[in-house]
Amino acid sequence: MSDIMALIPARSGSKGLIDKNVKLLNGHPLLAYTIRAACLTKDIDRVIVSTDSEKYATIAKDYGAEIPFMRPSELAQDDSPDIDFFQHAISRLGESGYRPDIIVQLRPTDPIRKPGLVDKAVQMLIDNPKAHSVRTITKPPHTPYK
């Protein structure tokens, strides 16, 4: 059996929509929907939020996520690549001897997921050991170049 962790990136420095990851949607912070999707995924063992904000960390904990470390601000900039916060998380978790077999990245800015979608993606990875990643996409209703 694989050890599977959800890693949710939730930096606080959004410029276009300030605090977008914790804006309320139907009475709950946007971040809460992604945490819930991860917690409801049958094969995910741990749900960790990578954030640079104490406010976001408190909200994440209230909705069932772990915050075993804070993300350094230099890894939470507009132009910070995902690989940097991934490496930070893996390194920090490795300090305590934890190394998941599979990491599921779930963005809080995509709160409306079809039930079972994350389960299906995780199962695809488990069933295909040569695969190193799975990514979901959605066909746009019209060309994005319009």
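These legends accompany several close-up views of one predicted model.

In this predicted model, local features need pLDDT of at least 70 and side-chain atom pairs count only at pLDDT 80 or more, while totals for chains, interfaces and linings use all residues. Residues are numbered from 1 along each chain as its sequence is written, and side-chain values use heavy atoms, with hydrogens and water left out.

**View 1. Strand S1 and its covered faces.** Let us start with S1 (4-9); helices (H or I, at least four residues) and strands (E, at least two) are DSSP runs, numbered from the N terminus. S1 is mostly covered, with 6 of its 6 residues buried; buried means under 20% relative accessible area, exposed over 50% and partly exposed in between, using a 1.4 Å probe and protein chains only. Ile4, Ala6 and Ile8 lie on one side of S1, and Met5, Leu7 and Pro9 on the other. In a regular strand the side chains alternate between the two faces of the sheet.

View 2. Two strands pair if DSSP finds at least two bridges between them. For Pro9, the bridge partner in S4 is Ser50.

**View 3. Strand S4, enclosed.** All 5 of the 5 residues of S4 are buried, so S4 is largely enclosed by the rest of the structure. Arg46, Ile48 and Ser50 point one way, whereas Val47 and Val49 point the other way. Look out for Arg46 here: its charged end sits over the ring of Tyr98, 4.4 Å from the ring centre. A charge sits over a ring if NZ of Lys or CZ of Arg is within 6 Å of the ring centre and within 35 degrees of the ring normal.

**View 4. Helix H3 and its buried side.** H3 (residues 82-94) has 13 residues and reaches 18 Å from its first C-alpha to its last, close to the 18 Å expected at 1.5 Å a residue; the expected span is 1.5 Å times one less than the number of residues. Its buried residues are Phe85, Phe86, His88, Ala89 and Leu93. They cover an arc of only 160° around the axis, which puts them on the same side of H3; the arc is that of the directions from the helix axis to the C-beta atoms.

View 5. Gly13 is in the loop between S1 and S2 (24-25) and, at 25% relative accessibility, counts as partly exposed. Its C-alpha atom is separated by 7.3 Å from that of Asp78, 65 residues apart along the chain. Asp19 lies in the loop between S1 and S2 and has a positive phi of about 55° although it is not a glycine. Asn26, in the loop between S2 and S3 (28-29), has a positive phi of about 55° too. At 73% relative accessibility, Asn26 counts as exposed. Most residues other than glycine have a negative phi.

Definitions and conventions:
Contact means heavy atoms within 4.5 Å.
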